[in-house]
Amino acid sequence: MTTIAIVGAGKGLGLAVAERFAREGFAVALISRNQDRLDGLAAELRERGHTAAGFAANVRDGDSLRAALERATEQLGPIEVLQYSPLPAKEYMRPVLETTAEDLVGPIEFSVYGSVNAVRQVLPGMRAIGHGTILFVNGGSAVRPGARVTGTSVAFAGESAYAQLLHDAVRDEDVHVGQLIIPFGIDDGQPEHSGESIADRLWTIHTERGDFRTYAEPLPELG
């Protein structure tokens, strides 16, 4: 059995992705900051007959994140799929004229340093088993910066650049890197925006291994 590690796991999209991949035979490693919440999510998955465990980590702390992914590998098996999708903090979303250099430290640590640390931890294992998938999940500001969400716009742009370069560097090693852009809210009442629907899209990216970037829905037209 191989493992999907979901960095930024929660009750919404994280749990939906966990369920989708677990149905296909994956063990599930849930990673976020709160161990109690992770234990609850993992218990819910185990009640459905899946193999799952939670591993607390702070994505802004490289040692913490690397240790969580190492424990996940030791406990559940090799990580074949990594999903990097932690939810940015509200304080990262300030208007551009109110944003200082110091305000960008957190978002960049969160989106850029965190993703690089996660990838570098799991990539050797993917190479060892001969294949793997790395999934980046971002909002629309990753490709269309928003003046009222400066921190995430800047940080997501850096994360996107890293992901694109990574895609190009490892595509000949049977490691697929894909980015899913979600321009809308998840679980906002529309069926196609549900966590389950997005989880299906991520499963398709993993199995079909197409282009680097996929849009869950076209970006809204600029007014």
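## A walk from the sheet to its helices

Let's start with a helix on the sheet: α3 (residues 62-76) lies across β1, β2 (27-32), β3 and β4, and runs at about 160° to β3. Contact here means heavy atoms within 4.5 Å. Angles run from 0 to 180 degrees between N-to-C directions, with axes as lines fitted to C-alpha atoms, for helices over the stretch in contact. The element names come from DSSP runs numbered from the N terminus, helices being H or I of at least four residues and strands E of at least two. Helix α6 (residues 195-208) also packs on the sheet, where it touches β4, β5 (132-139), β6 (175-182) and β7, and its direction makes about 155° with that of β6.

A word on the source: this is a predicted model, in which local features need pLDDT of at least 70 and side-chain atom pairs count only at pLDDT 80 or more, while totals for chains, interfaces and linings use all residues. Residues are numbered from 1 along each chain as its sequence is written, and side-chain values use heavy atoms, with hydrogens and water left out.

Now to the sheet itself. It is open and built from 7 strands in the order β3-β2-β1-β4-β5-β6-β7, with parallel pairing; two strands pair if DSSP finds at least two bridges between them. At the edges stand β3 (52-56) and β7 (213-215), each with a single partner strand, so one side of each is left without a neighbour in the sheet. From one strand to the next, the twist averages 20°. Strand β1 (residues 3-7) runs parallel to β4 and is joined to β4 by 5 bridges.

Next come the helix pairs. Two packed helices are described by the angle between their axes and the distance between the axes. The axes of α1 and α6 cross at roughly 50° and come within 8 Å. That makes α1 oblique to α6, where under 35 degrees counts as roughly parallel, over 145 as roughly antiparallel, 65 to 115 as roughly perpendicular and the rest as oblique. The crossing of α1 with α6 is right-handed, meaning that the near helix is turned clockwise from the far one by less than a right angle. On the α1 side, the residues in contact are Leu13, Ala16, Val17, Arg20 and Phe21, and their partners in α6 include Ile198, Leu202 and Trp203. This contact divides into 8 nonpolar, 2 polar and 3 charged residues; Ala, Val, Leu, Ile, Met, Phe, Trp, Tyr, Cys and Pro count as nonpolar, Asp, Glu, Lys and Arg as charged, and the others, Gly among them, as polar.

Helix α1 (residues 13-22) also packs with α2 (residues 35-47), at an angle of about 30° and with axes 11 Å apart. That makes α1 roughly parallel to α2, and their crossing is right-handed. Here Leu15, Ala18 and Glu19 in α1 meet Leu41, Glu44 and Leu45 in α2, a contact of 4 nonpolar, no polar and 2 charged residues.

Finally, α4 and α5 (residues 150-170) have axes that come within 8 Å and cross at roughly 20°. That makes α4 roughly parallel to α5. Among the residues of α4 that meet α5 are Ile108, Val112 and Val119, while the α5 side includes Phe156, Tyr162 and Leu166. By class, this contact has 11 nonpolar, 4 polar and 2 charged residues.
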